[in-house]
Amino acid sequence: MTVQIKGLEYEYLDDIKDHNTIRTSFMELIKGSFGFDFSKWYQEGYWTKKYEPHVLVKEGEVVATVTVNHMKYRYLGIEKNYLQLGGVLTRKEYRKNGLARWLMEQIVSRYQADCDQIFLLCNDSAVEFYPKFGFEKSVEYIAEYEWQAKMKAGIIVKKVPCQVQKLDMDKAEERKVFTRCYHQLNPFSSFPSVDCEELALFYAMGFRKDDIYYFSTLGVVVVAQIKEDCMMIEDIYGNIKQEEQEDKMELLLTIMDGILRYNNKEGEDIRVQFGFTPIKELEELKMEPLIEEDDTLYLLKGKENLFATNQLRFPILSQN
């Protein structure tokens with residue numbers, strides 16, 4: 001489809017996965033700007049219709065893009081159809097020509113009636129841009145826990161031994177373990193992602209490939225990283241057996257203990273943060289407003305806003 005923007009013609013495309021030249025140009029633009037390499041993720045077949053870059057093309061080259069991610073979350077047992085916008089980018093020589101604005105208007109107009117919410121996370125330089133399209137700033141919350149080694153020294157799994165290993169995400173069979181657990185959702189989350197395994201795998205095969213722990217006796221996969229005196233548990237996937245669900249906080253402490261022991265950190269006092277919204281049973285976790293540089297949440301006005309009255313966070317591995 002040919003479009004005119006400020007007197008210049010561009011080709012507008014919203015389905016580029018199987019268009020080799022345009023897909024390659026798009027991937028090079030994203031990698032050069034954000035450092036994201038989509039090549040292995042694409043080659044392994046994880047680029048599906050849920051990942052939908054909208055692009056403007058000039059002379060065979062992608063010059064501007066906004067990506068639509070089709071997402072599903074579950075809240076109070078109800079599935080929510082959300083759209084996440086990301087990868088808002090224009091090549092330097094084409095900036096200030098209204099290309100990103102045109103794409104944003106096209107996408108919002110096209111999708112706003114057919115989803116529960118449209119959201120995005122933006123950097124500080126763009127906070128005045130998105131309100132032009134009806135987006136308003138919202139607040140996410142982060143869950144934290146202070147791990148005190150002396151108090152937790154006696155933690156053990158009562159019913160099964162705690163066996164921890166790392167998954168090798170370069171191996172297809174171990175990626176299947178990750179995917180199987182993902183589809184069983186996060187038993188500790190009140191707002192889990194439901195149908196975003198491709199995006200979770202993007203992280204698991206890339207930036208987080210060395211941070212994937214598998215508790216075989218519990219049947220859960222945990223994505224976690226430790227930096228100095230802080231451990232971030234980004235997400236947990238798996239179907240914990242009913243007989244092991246009596247004390248969810250004890251199970252979560254067991255998982256923390258297992259990861260700390262794997263990294264020889266069990267004797268240290270560590271702050272633990274969580275990249276998902278905890279269930280109410282985890283009363284020992286403290287909730288605080290999430291304030292991060294270049295990571296502001298915007299929601300589309302007029303759509304449902306669960307964040308206005310609840311202390312929620314979009315699961316970090318579902319964020320683009």
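A residue is called buried when its relative accessible area is under 20%, exposed when it is over 50%, and partly exposed in between (1.4 Å probe, protein chains only). The structure is a predicted model, in which local features need pLDDT of at least 70 and side-chain atom pairs count only at pLDDT 80 or more, while totals for chains, interfaces and linings use all residues. Residues are numbered from 1 along each chain as its sequence is written, and side-chain values use heavy atoms, with hydrogens and water left out.

**Overall form**

- The chain has seven helices and 15 strands; helices (H or I, at least four residues) and strands (E, at least two) are DSSP runs numbered from the N terminus.
- Its radius of gyration is 21 Å, close to the 20 Å that the globule rule gives for 320 residues, so the chain is as compact as a globular protein of that length. The radius is taken over C-alpha atoms, and the rule is 2.2 Å times the number of residues to the power 0.38.
- Along the principal axes, the C-alpha atoms fill a box of roughly 70 × 40 × 35 Å.
- Of the 320 residues, 53% count as buried.

**Nonpolar cores**

- A nonpolar core is a set of buried Ala, Val, Leu, Ile, Met, Phe, Trp, Tyr and Cys residues joined through side-chain atoms within 4.5 Å.
- The largest such core has 50 residues, and Phe26, Phe178, Phe191 and Phe314 have the most contacts inside it. Helix H6 (residues 197-205) supplies the largest share of this core, seven residues.
- A second, separate core of 30 residues includes Tyr145, Phe215, Leu253 and Ile279.
- Leaving aside residues up to four places away in sequence, phenylalanine 314 touches several residues, among them Tyr73, Phe119, Glu140 and Phe191; contact means heavy atoms within 4.5 Å.

**Histidine 54**

- Histidine 54 lies in strand E3 (residues 51-58).
- Its side chain and that of tyrosine 12 are joined by a polar contact of 2.8 Å. Such a contact is a pair of N or O atoms within 3.5 Å; within protein, one must be able to donate a hydrogen and the other to accept it, and residues adjacent in sequence count only if both atoms are side-chain atoms.

**Cysteines**

- A search of the whole structure finds zero disulfides, a disulfide being a pair of cysteine sulfur atoms within 2.5 Å.
- Cysteine 181 is buried at a relative accessible area of 1%, and cysteine 230 counts as buried at 13%.
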